[in-house]
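Dear colleague,

Please find below the structure that I am handing over to you.

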Amino acid sequence: MTTATQPAPAIRVQGIEKSFKDLQVLKGVDFDVKAGSIFALLGSNGAGKTTLVRILSTLLKADAGTATVHGFDVAAKPNDVRESISLTGQFAAVDEVLTGRENLVLVAKLRHLKNPGAIADDLLAMFGLTEAGGRRAATYSGGMRRRLDISMSLIGDPPVIFLDEPTTGLDPQARIEVWQTVKQLAKGGTTVLLTTQYLDEAEQLADRIAILHEGRIIQNGTLAELKQLLPAAKVEYVEKQPSLEDVFLTLVGHTGEAATDDADTTRASGSASAGKELR
Ligand SMILES: Nc1ncnc2c1ncn2[C@@H]1O[C@H](COP(=O)(O)OP(=O)(O)OP(=O)(O)O)[C@@H](O)[C@H]1O
Ligand SMILES: [Mg+2]
């Protein structure tokens, strides 16, 4: 399917199936992820998002179908896949007894990299953790821990990273920090596949969004394409009702770029989102 003008996708998933005993979780999942893009896999609890990520990161074998990551088949070339990826799981892999910096140095050493100290310092700086770097990770807030976790997964510059629910359990500010981190990664050319249950997370971050439901991808498109699935847009004038998140972020004095999404002009809107529009 690839042509000379179109580079091979960073991730290709074709007909993946997986059951646990009688429970058929994945019933034939297909999608491609373009290199250097952010792809969000949306689905409710138990939809099979983590199962798919575990298959793509070679931790679990599929029952049927094929998948390639960075050009390597996950079943035939698991070692090559592992060298091309990092996985940040749903539950943070940070060692709480170690400091942030020690966590990073440890991973760099495990990956046999030169200058682990310098690598750790660069990542601490990139993620705004320089000051906290000498403190035990046990003392970090949830957002700091997440950022440390993601920074640990970047050691060795893997071209493809999997983030399984990167912001579950974080407060709104910490979520925005993680979003900015993920955007930075993609700008640097890393391919990001993230799973989330949050529609706004996919909306903020993803170049493409796929919805996993009852074992299959039921929609896959850009945000604009997905919005077109709703009835035609109409202009509505509604009084501004700040969301609780707006109130929270204003009260805590946050001015991050992701929070400035709401324009103060009236926008054409589908009926489903009309309540969030302002005048
Ligand atoms: N090792 C396993 N053995 C048996 N059942 C499993 C196993 N792993 C996952 N499942 C089941 O497969 C289904 C999909 O689980 P999965 O963790 O992939 O969902 P998810 O989309 O990641 O959900 P969440 O949003 O809660 O993280 C669930 O019903 C789960 O109980
Ligand atoms: Mg999961």
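How many helices and strands are there in the protein chain? There are 9 helices and 12 strands, where helices (H or I, at least four residues) and strands (E, at least two) are DSSP runs, numbered from the N terminus. Please note that this is a predicted model, in which local features need pLDDT of at least 70 and side-chain atom pairs count only at pLDDT 80 or more, while totals for chains, interfaces and linings use all residues. Residues are numbered from 1 along each chain as its sequence is written, and chains are lettered from A and ligands numbered from 1 in the order in which they are written.

Of the 279 residues in the protein chain, 36% are buried. A residue is called buried if 20 or more other C-beta atoms lie within 10 Å of its own, exposed if 12 or fewer, and partly exposed in between, with C-beta atoms placed from the backbone. Among the contacts with a separation of 6 or more, 69% link residues 24 or more positions apart; two residues are in contact if their C-beta atoms, placed from the backbone, lie within 7 Å.

The ligand site

Ligand 1 is surrounded by 13 residues, the closest being Phe 20, Asn 45, Lys 49, Thr 50 and Thr 51. A residue is near the molecule if its C-beta atom, placed from the backbone, lies within 6 Å of it. Helix 1 provides the largest share, 3 residues. By type, the shell holds 4 nonpolar, 8 polar and 1 charged; here Ala, Val, Leu, Ile, Met, Phe, Trp, Tyr, Cys and Pro count as nonpolar, Asp, Glu, Lys and Arg as charged, and the others, Gly among them, as polar.

Helix 1 itself is mostly covered, with 7 of its 8 residues buried. These are Lys 49, Thr 50, Thr 51, Leu 52, Val 53, Ile 55 and Leu 56. Just after helix 1, Thr 58 takes a positive phi of about 70°.

An open sheet of 4 strands has the order 2-1-4-5 and antiparallel pairing; two strands pair if DSSP finds at least two bridges between them. Strand 2 and strand 5 (72-73) are the edge strands, each pairing on one side only. Helix 1 packs on this sheet, where it touches strand 1, strand 2 and strand 4 (64-69), and its direction makes about 120° with that of strand 1. Axes are lines fitted to C-alpha atoms, for helices over the stretch in contact, and angles run from 0 to 180 degrees between N-to-C directions.

Strand 1 (residues 11-20) pairs with strand 2 in the antiparallel sense over 8 bridges. Lys 18 has Leu 26 of strand 2 as its bridge partner, and Val 13 has Phe 31 of strand 2. The two strands form a hairpin with 2 residues between them, and Lys 21 in the turn has a positive phi of about 50°.

A second open sheet, of 6 strands, has the order 6-7-8-3-9-10 with mixed pairing. Strand 6 (85-88) and strand 10 (216-221) stand at the edges with a single partner strand each, so one side of each is left without a neighbour in the sheet. Neighbouring strands of this sheet are turned by 15° against each other on average, direction ignored.

Strand 3 (residues 38-42) and strand 8 (residues 191-196) pair in the parallel sense over 5 bridges, and Ile 38 stands opposite Val 192 in strand 8. Helix 6 (residues 172-187) packs on the sheet, touching strand 3, strand 7 and strand 8, and its direction makes about 150° with that of strand 8.

The largest nonpolar core has 61 residues, of which Phe 39, Ala 40, Leu 56, Leu 104 and Val 192 touch the most other members. Such a core is a set of buried Ala, Val, Leu, Ile, Met, Phe, Trp, Tyr and Cys residues joined through C-beta atoms within 7 Å.

Asp 207 lies in the loop between helix 7 (199-205) and strand 9 (208-213). Is Asp 207 buried or partly exposed? Asp 207 is partly exposed, because 15 other C-beta atoms lie within 10 Å. Leaving aside neighbours within four places in sequence, Asp 207 is in contact with Ser 37, Ile 38, Phe 39 and Thr 222.

Yours sincerely
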